[in-house]
Amino acid sequence: MASEKITGIVTDVVRHNDRHNVVTIFTRNRGRMAFLSPTGTGRTAAMRRAGLQLLSLVEAEVNIRGDRDLQLLGRFSSPHAWTDIYFNPVKSAIAMFMAEFINSYCRHSGPDPQAWDFMVRSIHILDRSRRGTANFHIAFLISFLQTAGIFPDLENASAGSWLDMQAGTATPLPPPHRDTVAPADMPALMLLARMNLANYTRFRFSAGQRRKTLDTLLKYYAIHFPGLNSLKSPKILAEVFE
């Protein structure tokens, strides 16, 4: 049993039994880890729950036991507390989506400090944003494509091109499968490729366009990272932005 300091992002909290929750944390150096966290009652327990909300940052000294799937999370600290995410209903819905996305993505990856750093920067931007955030989750997914290594090659794309979602490239002819973006949607796709976490407030979408864009992005991610097509939070986002 070795003691180790972890720094991570809370991505999931589920009830385990009357005494413990299972808290999933995307750690910077060890990737996705699951911990048993005592529940308890009273003020101390309430403060603990507040510190383990979705997307909370946590630091802890933990004893890693290689023979356990669930490690024990004892005392922890929060190096940075978000000031607006949990009090703004739109940001809270986006945070729920981001946490579920990160949790699912991390099932298929090991330690990934670059992805972890990107996630933390993104959460900081969401928390500090004082303008409309309705497109933030779209910009988050588009921006992460580069870090995930699957940003599509659109260098030779045109209004008449097809996007082969499996290969991640634009092609003048339709691919021999259905995982495509058709030429009619390519101009919108080429515009979306320019969206990032600095300019996302300049883009305007209807609720239907936002939902279609999110569905397309998640389909593309799921082709390259199986499991990302079964997220539940997009339905909540759709209700929030109707």
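Mentor: In this predicted model, a patch is made of residues with over 30% relative accessible area and no salt bridge, nonpolar side chains being joined within 5 Å.

Trainee: Which residues make the nonpolar surface patch of about 200 Å²?

Mentor: One member to consider is I236, whose place is in helix α7, residues 233–240. The relative accessibility of I236 is 35%, and a patch residue needs over 30%. The nonpolar patch is made by M96, I236 and V240.

Trainee: Is T24 buried or exposed?

Mentor: T24 lies in strand β2, which spans residues 20–27. Leaving aside residues up to four places away in sequence, T24 touches I9, V10, T11, D12, R32, M33, A34 and N103. Buried means under 20% relative accessible area. Because its relative accessible area is 6%, T24 is buried.

Trainee: What is the order of the strands in the open sheet of three strands?

Mentor: Strands of a sheet pair through backbone hydrogen bonds, either parallel or antiparallel. Here the pairing is antiparallel. The edge strands are β8 (169–171) and β9 (180–181), each of which pairs on one side only. The order is therefore β8-β7-β9, given that strands count as paired if DSSP finds at least two bridges between them.

Trainee: Which residue stands opposite T180 in β9?

Mentor: Strand β7 covers residues 162–164 and runs antiparallel to β9. Two bridges join these strands. The residue that stands opposite T180 is D164.

Technical notes. Residues are numbered from 1 along each chain as its sequence is written. This is a predicted model: local features need pLDDT of at least 70, side-chain atom pairs count only at pLDDT 80 or more; totals for chains, interfaces and linings use all residues. Side-chain values use heavy atoms; hydrogens and water are left out. Helices (H or I, at least four residues) and strands (E, at least two) are DSSP runs, numbered from the N terminus. Buried means under 20% relative accessible area, exposed over 50%, partly exposed in between (1.4 Å probe, protein chains only). Contact means heavy atoms within 4.5 Å. Patches are made of residues with over 30% relative accessible area and no salt bridge: like charges are joined within 9 Å, nonpolar side chains (Val, Leu, Ile, Met, Phe, Trp, Tyr) within 5 Å. Accessible areas come from the Shrake-Rupley method with a 1.4 Å probe; for residues, only the protein chains shown count as cover. A salt bridge is a side-chain nitrogen of Lys or Arg within 4 Å of a carboxyl oxygen of Asp or Glu.
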